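Here is a short tour to read with the sequence and the viewer side by side. Take it one heading at a time.

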Amino acid sequence: LGAVASVILVGRFLIRPLFKVISRTKLRETFTALALLIVFGAAALMREVGLSPALGAFLAGVVLADSEYRHQIEADIEPFKGLLLGLFFITVGANIHFDIIRDNPLSIAGWVAGIIIGKGLLVYALGRWCKLRPPESLLFAVSLAQGGEFAFVLIAQAGAILTPEVGQALTASVALTMALAPLLINLAITHGLSRFDCQTDEVRAPDIVEDAHRVNPVLVIGIGRFGQTLIRFLTASNIPSTVLDIDSEQIEIMAKFGIRSYFGDGANLDLLRAAGIENAKALVIAIDEPETTLRIVEEVKKNFPNLPIYARAYDRVHAYKLIHLGVTEIAIETSGSALALGGEVLHRLGVPAVRVFRKSQIFKRNNDRSIRELAKQYNQVDRDTFIQASRQLSESLEALLKSDPDELQQADKSGWESSPSV
């Protein structure tokens with residue numbers, strides 16, 4: 001317990017400041033060396049106290065994954081990943097006693113079937129609970145139905161309560177489920193997911209950004225529904241932009257409508273440099289994947305701290321996280337359209353156009369302000385306090401919008417006078 005606690009405490013209170021110091025040197029080799037030193041150090045510590053080195057490596061991985069530098073660490077140790085995984089599975093294979101499988105085929109088959117069926121049904125149920133469609137849930141289930149690598153660590157640690165024969169049988173069963181996983185996935189795709197496109201025929205290399213030398217003032221990542229409208233607005237305002245997207249089919253479709261974009265992963269820092277991010281005046285992240293957006297913001301803020309970033313937010317919680325990372329401005333993807341449609345409803349019900357516009361401007365301005373105020377408290381106060389603060393801001397805004405026309409006009413006087421007429 002002391003060894004496990006020391007790994008976690010050192011990771012939280014010593015490793016993070018150390019990574020911060022090393023990141024300022026911008027020496028990637030030192031970054032990689034420290035990450036590997038932590039892993040091997042934790043493994044050696046677990047071995048010294050009589051536990052499995054794999055458990056130490058697992059704990060070190062948890063510590064590193066909880067660091068704000070996790071994405072950089074992941075990129076730096078990528079070359080080691082294949083080699084170490086290969087060694088791990090070679091070791092697992094070497095420890096399998098095939099005579100156990102030969103002497104107890106029905107017992108092993110029962111374990112294999114139990115793991116795959118039990119875990120597959122559980123994962124499928126989780127997929128449906130998270131509102132995945134049945135084909136997606138099926139692919140989700142068969143992809144994760146096999147036993148995991150950590151099962152070998154648990155089996156090794158359970159030597160005190162498992163006989164050697166049972167431990168060897170479990171190891172063989174888990175290994176067999178992992179060997180069967182590709183076959184199950186292929187079977188599900190070819191026979192169960194005929195209408196579900198889950199793979200592409202070829203991997204496309206990133207495009208060469210031809211106009212990067214022109215230093216377009218805006219770099220846009222994402223050309224989906226949100227990005228299309230934004231790019232059209234910038235173009236109509238005579239503001240050129242360089243557009244990146246990872247969906248090659250979407251790029252080809254948009255090209256037919258006159259919107260030129262380039263294929264490439266917006267999370268790749270080298271590609272962003274090639275696209276001219278070092279000279280851009282603004283970066284717009286218009287993708288619909290919250291985690292990818294956060295990862296891009298982290299990388300860009302670390303390497304280009306003075307670049308203004310404008311990001312699409314999935315919801316208010318995502319907006320809070322983006323604000324914490326220092327995004328210049330956020331737009332929650334559904335708020336603008338919902339507000340516009342609500343204004344049309346008010347106008348249809350007889351509310352004058354001027355009053356509708358004024359209410360919309362007041363609501364937007366105060367809602368944006370409340371998001372920034374709540375972002376300061378997000379994860380800083382307990383849940384009940386946060387909910388109470390959110391309710392107070394909502395009630396204050398409702399009271400303002402319900403006020404009489406004169407008070408409403410006074411509240412929006414500056415915004416109304418500077419806004420275009422309707």
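## Strand partners in the sheet

In this predicted model, Val284 sits opposite Tyr310 of strand E5. The strand E4 covers residues 282-285, and three bridges link E4 to E5, with the two running parallel. Strand E1 (residues 218-221) also pairs with E4 in the parallel sense, this time over four bridges.

Now for the whole sheet: six strands make an open sheet in the order E3-E2-E1-E4-E5-E6, paired in parallel. Strand E3 (262-263) and E6 are at the edges and have a single partner strand each, so one side of each has no neighbour in the sheet. As for cover, four of the five residues of E5 are buried, leaving this strand mostly covered.

Which residues of helix H15 are buried? In this helix, which spans residues 316-324, they are His318, Ala319, Tyr320, Leu322 and Ile323. In general, an α-helix has 3.6 residues a turn, so residues three or four places apart point the same way. The cover over the buried residues of H15 includes strands E5 (309-313) and E6 (329-332), along with helices H14 (290-303), H17 (353-377) and H18 (383-401).

Both ends of H15 are worth a look. Asp315 caps the N-terminal end, placing a side-chain oxygen 3.4 Å from the backbone nitrogen of Val317. After the helix comes Gly326, with a positive phi near 95°.

## A nonpolar patch on the surface

Turn next to the surface, where a nonpolar patch is formed by Ile77, Phe80, Leu83, Leu84, Leu87 and Ile90. Together they have about 540 Å² of accessible area.

Is Ile90 buried or exposed? Its relative accessibility is 59%, and exposed means over 50%, so Ile90 counts as exposed.

## Trp111 in helix H7

The last stop is Trp111, which lies in helix H7 (residues 105-129). Trp111 has 40% relative accessibility and therefore counts as partly exposed.

What does Trp111 touch, leaving out residues up to four places away in sequence? The contacts are Leu170 and Ser173. Ala169 is 58 residues from Trp111 along the chain, yet the C-alpha atoms of the two are separated by 8.5 Å.

Terms used
Residues numbered from 1 in each chain as written. Predicted model: local features only at pLDDT ≥ 70, side-chain atom pairs only at ≥ 80, totals over all residues. Heavy atoms only, no water. Patch = residues over 30% accessible without salt bridge, like charges linked within 9 Å, V, L, I, M, F, W, Y side chains within 5 Å. Areas by Shrake-Rupley, 256 points an atom, 1.4 Å probe, with all protein chains shown as cover. Salt bridge = Lys/Arg side-chain N within 4 Å of Asp/Glu carboxyl O. Buried < 20%, exposed > 50% of the residue type's maximum accessible area, 1.4 Å probe, protein only. Contact = heavy atoms within 4.5 Å. Polar contact = N/O pair within 3.5 Å; in protein donor to acceptor, adjacent residues only side chain to side chain. Pairing = 2+ DSSP bridges.
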